[in-house]
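This report is written for a reader who is meeting the structure for the first time. Please look over the sequence and the 3D view before reading on.

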Amino acid sequence: MKTVPLEYFLLLSAVLFFIGMVGVIIRRNAIVIFMSIEMMLNAVNLTLIGFSAYLGDISGQILVLFVMAVAAAEAAVGLAIILALFRTRQTVYFDEVRLLRW
Amino acid sequence: MSGELILFVLIAILAIGSAVATITRRNPVAAALFLVLHFASLAALYLFLSAQVLAVLQILVYAGAIMVLILFVIMLLNLGKEEQLAERFQPRAIFALIFGGLLLLFLVVALTAVPIAYPEMAAKAAEIGTIGALARELFTTYLFPFEAVSLLLLVAVVGAIVLAKKKLEIPGASVETKVIQKREEQAVG
């Protein structure tokens, strides 16, 4: 059986990481920036699973499990921070939050 | 071109298209729904790599739990007025594309310069994707990181509740915090 080459998964992962990175930089909405970060995490997960399958090593999949757990924790804390930000500033647009900006 | 490769290309196009839609839609709810589609197509890609458990977890944790949380916050904050914000020229968008494109070029060159020494999927790839194999490894070799992650999740839950609480009562809070709280009370009252 011919399988899809590993390079294709790695290239796809690089493209998805690029899209997530551009999303973080160009968007102003904190929640959309947050979603772009999740997208970058997922692009890395794809690389890990690809290498895990082609090397026959299970460690990559274990690491993906841990990344998912950390992403869930990050989602909870990050959205709580956005809620607190909205409560004090009435905005979620990062260019209107500039107290700590140089 | 084998059938598997055609299917891979279709799902890859779906993943890239939904990712681009996520970062370009101005309505956050539409962006979140495109992100759900993106996560689902990634789960399909995990199945190509015979990572069955992770494909299911991807749907459960990402497309399920995290996206519901994000949608909940979007609707709680009643965001949707971004369309009405004045469109203005953003020089950082050009910089993002230039430097992001450089990074992408670097990655593509690095990945394609040397042929990868694993042309075929490992023979035991189907075995290591099962829940039994994952659990055996997780509860033996990686037992300590596993327990550490459980502690991390506990801390995250407590932290989320503290942060999202209506009023932050910090003993010995700084003057600025008290000023903000007073302003908040005036805004409410």
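Predicted model: local features only at pLDDT ≥ 70, side-chain atom pairs only at ≥ 80, totals over all residues.

## Chain A on its own

Chain A has 3 helices and 0 strands, and when it is read along the sequence the pattern is α-α-α.

Of the 102 residues in chain A, 61% are buried. The accessible surface of this chain comes to about 3900 Å², and carbon and sulfur atoms account for 72% of that surface. If one takes the contacts within chain A between residues at least 6 apart in sequence, 56% of them join residues that are at least 24 apart.

The size of an interface is often given as the accessible area that is lost when the parts come together. For chain A and chain B, the buried area is about 7300 Å², with 77% of it coming from carbon and sulfur atoms. Met35(A), Met68(A) and Arg87(A) supply 9% of the area that chain A buries against chain B, which is more than any other three residues supply. Counted by residues, 74 of chain A are in contact with 85 of chain B.

Between the two chains the count of salt bridges is 0, while 7 residue pairs are in polar contact, with both residues at pLDDT 80 or more. On the side of chain A that touches chain B, helix 1 (6-26), helix 2 (30-55) and helix 3 (59-89) each supply at least two residues. Helix 3 of chain A gives the most to this side, with 25 residues. Taken by kind, the residues on the side of chain A that touches chain B divide into 54 nonpolar, 12 polar and 8 charged.

## A loop residue in chain B

Ser50(B) lies in the loop of chain B between helix 2 (28-48) and helix 3 (52-77). Is this serine, Ser50(B), buried or exposed? Its relative accessible area is 16%, and because a residue counts as buried when this value is under 20%, Ser50(B) is buried.

The residues that Ser50(B) touches, leaving aside those up to four places away in sequence, are Met121(B), Ala125(B), Ala126(B) and Gly129(B).

Conventions
Residues numbered from 1 in each chain as written. Chains lettered and ligands numbered in written order. Heavy atoms only, no water. Contact = heavy atoms within 4.5 Å. Buried area = accessible area lost by both parts, 1.4 Å probe. Salt bridge = Lys/Arg side-chain N within 4 Å of Asp/Glu carboxyl O. Polar contact = N/O pair within 3.5 Å; in protein donor to acceptor, adjacent residues only side chain to side chain. Helix = DSSP H or I, 4+ residues; strand = E, 2+ residues; numbered from the N terminus. Nonpolar A, V, L, I, M, F, W, Y, C, P; charged D, E, K, R; others polar. Buried < 20%, exposed > 50% of the residue type's maximum accessible area, 1.4 Å probe, protein only. Areas by Shrake-Rupley, 256 points an atom, 1.4 Å probe, with all protein chains shown as cover.
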